[in-house]
Structures are given as C-alpha cells and as structure tokens.
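Here is a walk through one protein structure, step by step. Keep the model in view as you read.

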Amino acid sequence: MVAIKNQANQYLISILSVATVSLLGLAVREVIDYKIIGYLLLFLVSILAIFLEIKPVLLAAILSALALDFLFIKPYYTLHIDNAQDALLLLLFFIIALINAVLTYKIKRMQKAIHMKEARVNTMKLYNTLLDSLSHELRTPIATIIGSIDTLQQKNVNLSADSKDNLFNEIEKASMKLNYQVENLLNMSRLESGYILPKSDWCDVKELAYNACNRLTEELKDHKWSITADDNLPLFKLDYGLMEQILYNLIYNASQYTPKGARIQIEIKYDVDTDYEAHMNVIKKCIITIADDGYGFPEAEIDRAFDKFYRLQSSKTGGTGLGLSIVKGFVEAQNGTIRLSNAEEGGAVFEMTFAVDCLATNSVENE
C-alpha cells in the first residue's frame with residue numbers, strides 16, 4: 001500500500017474507515033460482544049497509523065472511541081455509560097488507541113529517518129567513489145599535458161624533431177582522453193535531466209563504426225578489430241551524435257578491458273520481422289553487435305554492468321563507471337534495446353536492436 005500524501009484525503013480515509021467498521025459492527029452487534037468491536041477499531045487505528053500522518057490517525061482514534069460508546073456500549077445512541085466498568089473500558093480504549101497511534105507514527109518516522117541516513121551514507125560512498133575515480137582519470141591526462149608543455153617551453157633543452165612530435169602526440173592523446181571523460185559526465189547530466197531529445201536522420205551505421213574506430217586508433221593499436229556488415233546495408237533513421245557516442249563508448253570499453261591481441265568484432269545487420277498480430281505489420285530493425293574474445297563479464301555482475309558508477313570488482317584502478325550506463329541511456333532514448341552476454345568461447349557480446357525506418361536499396365527491399 002502506498003502512503004497517502006494529501007492530508008484532506010487522509011482525513012477522509014480516517015472517517016470512512018471508522019464508519020465502515022462501525023457499520024459492519026452494527027450488523028452483528030446482537031451476536032458478538034462489544035469488546036470484540038473495540039479490538040477491531042483498535043486494530044484499525046494501528047493500521048491507519050502505518051500509512052497516515054499523526055493528525056488523521058488521532059482523529060480516527062477519537063472517532064473510534066465515540067463510535068464504541070455511542071453504538072456498542074449500552075445504552076445505545078447516547079454517550080451516557082451506566083456502569084463504571086464500561087466507563088473504565090472506554091477510557092482505557094481511548095488511551096491505548098492514542099498511545100498506539102503515536103508510537104506507531106514515531107516508529108514510522110524513525111524508520112524513515114534511518115532509511116534517509118542510509119541513503120545519505122550510500123550517496124556519500126557513491127560520490128567518494130566517483131571523486132576518487134575522477135581524480136585518477138582526470139589527473140593523469142592533465143599531468144601529461146602540463147608536463148609535455150613544460151618540456152616544450154624549456155629553452156635550455158634542445159629537443160629533436162622526433163622528441164617534439166612525441167610530446168605533441170602525448171598532448172593529443174591526453175586531450176582526447178580528458179575530452180572523453182568530460183563528455184561522459186556531460187552526457188550523464190543530460191540523461192538525468194531528461195534533456196536527451198533524439199534528432200533522427202538517415203545514418204550510415206557502417207561509416208559511424210569506422211569513424212569510432214579511427215578516433216580510437218591509439219587504444220586499438222594492440223587489438224585486432226574488424227567491421228562486417230550486410231551487403232547493400234540500408235541507411236537507418238537514427239540520431240547521428242548519439243549513435244557515434246554509443247559505438248565509441250562500447251569500442252573504447254572493449255579496448256580497455258581486454259588483453260593485448262584480443263579481437264574486437266563489430267557486426268551490423270539489417271533484419272525484418274512480421275508482426276501478424278498487428279495486421280501483418282513489418283518491423284525493420286538495425287542490429288549492431290560488438291563482441292570480443294577477452295575475459296567477459298562475471299555472471300553475477302552482468303545485471304549491474306549498465307548501472308551508473310558501477311565498476312566490476314575485478315576491474316583495474318580507474319574508470320568512472322559511466323560509459324556503459326550512458327550507452328544504455330542513449331540506446332533507450334532511441335527506443336532501442338541493448339543486451340549483454342558472454343560468448344560461449346569467452347568474451348563479452350553487446351547486442352543492440354533498433355526498430356527504425358530504413359532507406360533500403362532495391363536489393364534489400366526485395367529480400
């Protein structure tokens with residue numbers, strides 16, 4: 001049951017609940033002891049205290065005591081009580097109902113406070129982890145850039161042309177890595193704010209894959225990578241920028257978490273499904289698979305791989321744990337799906353499916 005936030009509704013629920021139990025009690029008033037009705041009303045107050053604020057619960061306690069006196073303690077339909085035993089019973093009922101309501105409400109408040117404290121502690125741990133990761137991921141390229149520039153600016157050091165080229169290359173690589181981390185942070189901010197509004201246009205997904213690999217030349221230099229695509233692959237209506245970032249993040253992730261010499265395979269396929277339930281509706285799909293023959297993912301952690309800030313327990317130092325969560329967010333923003341699994345022969349397999357419009361060649365249309 002969900003807690004009711006509107007206070008007017010809470011008062012209404014209190015009144016209706018007491019009235020309902022009282023009416024049911026009236027129906028059996030002649031065959032059961034009125035003390036049983038009192039227990040039922042007391043139980044009702046306890047239940048209401050779990051879900052309502054304190055004032056509506058106190059109202060329920062007062063109404064319950066009045067209903068018990070007016071409807072179930074003789075003489076009926078009057079607040080007058082003939083004997084001291086019934087008067088004491090009613091007084092105790094009223095006190096117990098109030099105490100029960102207050103204590104239950106306080107316990108609920110304490111539980112809420114404990115949950116909030118635990119949430120704050122978990123949030124602090126999360127931010128500490130993020131700051132620790134960022135301090136490593138950002139400090140390294142910044143230090144490289146500063147060190148290289150400092151060396152280039154030293155007038156008393158004679159550098160060969162090759163040495164200067166190496167330093168410029170180091171600056172470029174560090175700048176690209178720094179830009180990647182900043183882009184991930186900005187993209188995560190956009191996802192959380194709901195600012196992602198895909199702008200679909202005709203995209204050559206094969207070209208996008210080559211662009212991503214060309215941007216990662218340094219990271220892929222010790223890997224064997226290949227891109228395969230269906231013959232006469234059509235153009236797909238997707239967001240160019242989001243798709244470029246998706247492919248970049250996945251290929252970068254594969255390059256970082258697979259051993260040297262590992263194979264990274266990007267496969268792009270066009271597929272058609274016929275939905276007979278939707279009157280023979282034809283669903284055209286773009287399927288992109290990025291697989292490697294590295295270590296794969298621990299089975300126990302696959303379900304958390306796309307969680308924000310999550311890093312595998314066996315992962316190397318560094319990494320913000322944002323790359324895959326951004327991929328999932330960008331895929332879903334385009335109404336696509338992404339699935340992660342381990343290949344039977346070893347390695348990770350990311351499969352993305354987009355049900356989108358396509359601009360097919362004649363040969364594809366005839367398939």
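**A guided tour of the fold**

The protein exposes about 21,600 Å². Carbon and sulfur atoms supply 57% of that area. Keep in mind that this is a predicted model. The protein has 367 residues, and buried residues make up 37% of them. Nine helices and eight strands are present. Look also at how the chain meets itself. Among contacts between residues at least 6 apart in sequence, 72% join residues at least 24 apart.

Start on the surface. Leu-88, Leu-91, Leu-92, Ile-95, Ile-96, Ile-99 and Leu-103 form a nonpolar patch there. Together these residues have about 620 Å² of accessible area. Ile-95, one of the patch residues, lies in helix α4, which covers residues 84-153. Ile-95 has 37% relative accessibility, so it counts as partly exposed. Buried would require under 20%, and exposed over 50%.

Now turn to helix α8, residues 323-333. How many of its 11 residues are buried? Eight are, so the helix is largely enclosed by the rest of the structure. The buried residues are Gly-323, Leu-324, Ser-325, Ile-326, Val-327, Gly-329, Phe-330 and Val-331. Lys-328 is partly exposed, with a relative accessible area of 28%. Glu-332 is partly exposed too, at 43% relative accessibility. These two side chains form a salt bridge, with their closest N and O atoms 2.7 Å apart. Why can they meet along the helix? An α-helix has 3.6 residues a turn, so residues three or four places apart point the same way. Lys-328 and Glu-332 are four residues apart in α8, and therefore about one helical turn separates them. After the helix comes Asn-335, whose phi is positive, near 60°.

Another joins Glu-218 and Lys-221, with the closest N and O atoms 2.7 Å apart. Glu-218 is partly exposed at 33% relative accessibility. Lys-221 is exposed, with a relative accessible area of 55%. Both residues belong to a network of salt bridges that also links Glu-170 and Lys-173. A further bridge brings together the side chains of Glu-30 and Arg-29, at 3.6 Å from N to O. Arg-29 is buried, at 14%.

Next, follow the aromatic rings. There are seven aromatic pairs. In one of them, the ring centres of Phe-70 and Tyr-77 lie 6.0 Å apart. Their planes meet at 70°, so the pair is edge-to-face. The cut-off for that label is over 60 degrees. Phe-70 is partly exposed, with a relative accessible area of 34%. Phe-70 and Tyr-77 also form one aromatic cluster with Tyr-76.

A second pair is made by Phe-306 and Phe-350. This one is edge-to-face as well, with 6.2 Å from centre to centre and 80° between the planes. It links distant parts of the chain, as its two residues are 44 residues apart. Phe-306 sits in the loop between β5 (281-292) and α8, while Phe-350 is in strand β7, residues 348-355. Phe-306 is buried, with a relative accessible area of 13%. Phe-350 counts as buried at 3% relative accessibility.

Finally, look at the cysteines. How many disulfides are there? The count is zero. Cys-203 is in none, and the nearest cysteine sulfur, that of Cys-286, is 9.4 Å away. A disulfide needs the two sulfur atoms within 2.5 Å. Cys-286 is in no disulfide either, and its nearest cysteine sulfur belongs to Cys-358, 9.4 Å away. Cys-203 is buried, with a relative accessible area of 1%. Cys-286 is buried too, at 0%.

Cys-203 leads on to a last stop, as it is among the residues touched by Asp-239. Asp-239 is found in strand β3, residues 235-239. This residue is buried, with a relative accessible area of 10%. Leaving aside residues up to four places away in sequence, Asp-239 also touches Leu-197, Pro-198, Lys-199, Ser-200 and Gln-334.

Conventions:
Residues numbered from 1 in each chain as written. Heavy atoms only, no water. Buried < 20%, exposed > 50% of the residue type's maximum accessible area, 1.4 Å probe, protein only. Patch = residues over 30% accessible without salt bridge, like charges linked within 9 Å, V, L, I, M, F, W, Y side chains within 5 Å. Areas by Shrake-Rupley, 256 points an atom, 1.4 Å probe, with all protein chains shown as cover. Salt bridge = Lys/Arg side-chain N within 4 Å of Asp/Glu carboxyl O. Contact = heavy atoms within 4.5 Å. Phe/Tyr/Trp six-rings, centres within 6.5 Å; stacked < 30°, edge-to-face > 60°.
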